[in-house]
Amino acid sequence: RDETTTIADYAFEGNTALQQLLINSDSSLVSIGVGAFRGCSSLKSVTIGNGVTVIDAYVFGGCVSIGVASFGHNRTKTPRCVILYYPSVIFAILVGD
């Protein structure tokens, strides 16, 4: 089992090959850094389980192909805008306070 606990800031930024993100609730991952998947324009589906407690700002900024997004409910830190499509704003998913 992989014991990775954090996806670093901008870790996958601009990765146009990435199409699906699935982080199971039993994963050791607890934190996703700023802009970690920013600009992953082919990303279509995102599922983040309850084990992830910190999702930083603009994690999915510019991910214009996302059609389905599901976030667990165990977060201790989530910025108001996790997904923001630009340059033409389609919609934003607001989470947190």
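I looked for aromatic pairs, counting rings of Phe, Tyr and Trp (its six-membered ring) whose centres lie within 6.5 Å, and found that the structure holds 2 of them. The rings of F12 and F37 are stacked, at 5.2 Å centre to centre and 0° between the planes, where stacked stands for planes under 30 degrees apart, edge-to-face for over 60 and tilted for the rest. This pair links distant parts of the chain, since F12 sits in the loop between β1 (6–7) and β2 (20–23) and F37 in the loop between β3 and β4 (45–48), 25 residues apart.

The model is predicted, and local features need pLDDT of at least 70, side-chain atom pairs count only at pLDDT 80 or more, and totals for chains, interfaces and linings use all residues. Residues are numbered from 1 along each chain as its sequence is written, and side-chain values use heavy atoms, with hydrogens and water left out.

I then looked up accessibility (buried is under 20% relative accessible area, exposed over 50%, partly exposed in between, with a 1.4 Å probe and protein chains only). F12 is partly exposed at 36%, whereas F37 is buried at 2%. F37 also pairs with F60, the centres being 5.6 Å apart and the planes at 10°, so this pair is stacked. Ring pairs thus link F12, F37 and F60 into a cluster, and F60 is buried at 0%.

Last, I turned to S31, which is found in strand β3 (residues 31–32), strands being DSSP runs of E with at least two residues, numbered from the N terminus. S31 is buried at 16%.

Conventions:
Helices (H or I, at least four residues) and strands (E, at least two) are DSSP runs, numbered from the N terminus.
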